[in-house]
Amino acid sequence: MDSEGRYARERERMVDEHLAARGVTDPHVLEAMRRVPRHRFVQEALRARAYGDHALPIGEEQTISQPFIVGLMTSLLELTGREKVLEVGTGSGYQTAVLAELARRVCSIERLPRLAERARATLEALGHVNVWVRVGNGALGWPDEAPFDRIIVTAGSPAIPPPLVQQLAEGGRMVLPVGSPENQVLTVVDNVGGEIRQRPHGECKFVKLVGKYAWEP
């Protein structure tokens, strides 16, 4: 079996054992994660570990999130294929690619230029034409593209950044980790008729969201 065939089998096992067996049941999310080659978003030396259920380093003191968390957060967004999504924290671009499989358009912000450039190149190589990546402070959002039907934040913040609340469309949803640098709560935020409602969805741990309205660098 060639390497791509082996990776495909490992993706199937990842989805079955680390996602479906742990409660991620949205069939569209599961299928998207069967398609997206996670090994393409990590360093070649780490590709043998690409389909384990763990975070991996991607440089710049950042990580690619574990598959379960990617699947869980994506499921909580409840994407139908019509949404414009803001992603705060492009990182490796893996979560971005999963979103691109399920949403109409993905606008992704990364504060570290080298990560943004690498993610953009990988996404382009994989043919994701509905993704836009820019460098900036993600806590400020992307005002020129607002409002967003969905917002996903892949770094922990001490509170929900006000600009992101302002850029969430009526009827929209945001999923983000909120809490201390050591421990956060995965939080679902809904804009219901202009009223912002939030509910917790379990503990998690992410790298820090850095910048205004987040943690100082």
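**Strands 4 and 5**

In this predicted model, strands 4 and 5 run parallel to one another and are joined by five bridges, one of which links I109 to R134 in strand 5. Together with helix 5, these two strands make a β-α-β unit that is right-handed.

Strand 4, which spans residues 105-110, is largely enclosed by the rest of the structure because five of its six residues are buried. Strand 4 also pairs in the parallel sense with strand 3 (residues 84-88), again over five bridges, and here S108 of strand 4 is the bridge partner of E87. Between strand 3 and strand 4 the chain passes through helix 4, and this β-α-β crossover is likewise right-handed.

**V133 in strand 5**

V133 lies in strand 5 and counts as buried because its relative accessibility is 13%, under the 20% cut-off. Beyond its neighbours within four places in sequence, V133 is in contact with T90, S108, A116, R120 and L123. The C-alpha atoms of V133 and L115 are separated by 10 Å, with the two residues 18 apart along the chain.

**Nonpolar cores**

The largest nonpolar core holds 47 residues, among which M33, Y94 and V98 touch the most other members. Elements that each supply at least two residues of this core include helix 1 (3-19), helix 2 (27-35), strand 5 (131-135) and strand 8 (184-192), while helix 3 gives the largest share, seven residues.

Not counting residues up to four places away in sequence, Y94 touches M14, M33, V36, R38, F41, I64 and V70.

Key
Residues are numbered from 1 along each chain as its sequence is written. This is a predicted model: local features need pLDDT of at least 70, side-chain atom pairs count only at pLDDT 80 or more; totals for chains, interfaces and linings use all residues. Side-chain values use heavy atoms; hydrogens and water are left out. A nonpolar core is a set of buried Ala, Val, Leu, Ile, Met, Phe, Trp, Tyr and Cys residues joined through side-chain atoms within 4.5 Å. Buried means under 20% relative accessible area, exposed over 50%, partly exposed in between (1.4 Å probe, protein chains only). Helices (H or I, at least four residues) and strands (E, at least two) are DSSP runs, numbered from the N terminus. Contact means heavy atoms within 4.5 Å. Two strands pair if DSSP finds at least two bridges between them. A crossover is right-handed if, with the strands pointing away from the viewer, the path from the first strand over the helix to the second runs clockwise.
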